[in-house]
Amino acid sequence: MAENQQGLIEEIRTELAAGACDVEKQATLNAMILCLEGCTAYSKNLSARAAADAAAESNPRRKKELLHLSEICSHVIEHPARTLDEAVNAVWIMWVCLHQENTNAGFSLGRLDQWFQPCFEADMAKLAPPE
């Protein structure tokens, strides 16, 4: 959860700039950048849609939920998740992106408890009463 799209893209660009890649590896790395940028664009589109839905929403509670979701989607996946809520949404967005490319491939997310634990602990620490 500490990684983000921009960091990954910069790592790939650094490797490309080093010039030690053959043509096939260069094509693969450039394709990775396109995919990561596409995932970021998808997240931004989700943010815009949630904001538009919030603007049209008359129920104040639902409007607040949609605005919160818009904020989350505008931050993740481009930047690291700061909360458990952001982490869950970041994983879901990337999961959808993976399935767009590899429908019904039988992917497993693995140990989500381990992925989310740092965000969960940080959120819980914010809720803990001062001692």
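I searched the whole structure for disulfides, meaning pairs of cysteine sulfur atoms within 2.5 Å, and found zero. This is a predicted model, in which local features need pLDDT of at least 70 and side-chain atom pairs count only at pLDDT 80 or more, while totals for chains, interfaces and linings use all residues. Residues are numbered from 1 along each chain as its sequence is written, and side-chain values use heavy atoms, with hydrogens and water left out.

I then looked up two cysteines. The sulfur of Cys21 is 17 Å from the closest cysteine sulfur, that of Cys35, which is too far for a bond. For Cys39 the closest cysteine sulfur belongs to Cys97 at 3.4 Å, again too far for a bond. Cys39 is buried (under 20% relative accessible area, where over 50% is exposed and in between is partly exposed, with a 1.4 Å probe and protein chains only), at a relative accessible area of 10%, and Cys21 is buried at 12%.

Next I turned to helix H2, residues 23-56, where helices are DSSP runs of H or I with at least four residues, numbered from the N terminus. Its 34 residues reach 49 Å from first C-alpha to last, close to the 50 Å expected at 1.5 Å times one less than the number of residues. Its buried residues, among them Leu29, Ile33 and Cys39, pack against H1, H3 and H4, with contact taken as heavy atoms within 4.5 Å.

Last, I checked the peptide bond from Val76 to Ile77 and noted that it is cis, with omega near 0°; Ile77 lies in the loop between H3 and H4. Most peptide bonds are trans.

How values were computed. Helix = DSSP H or I, 4+ residues; strand = E, 2+ residues; numbered from the N terminus.
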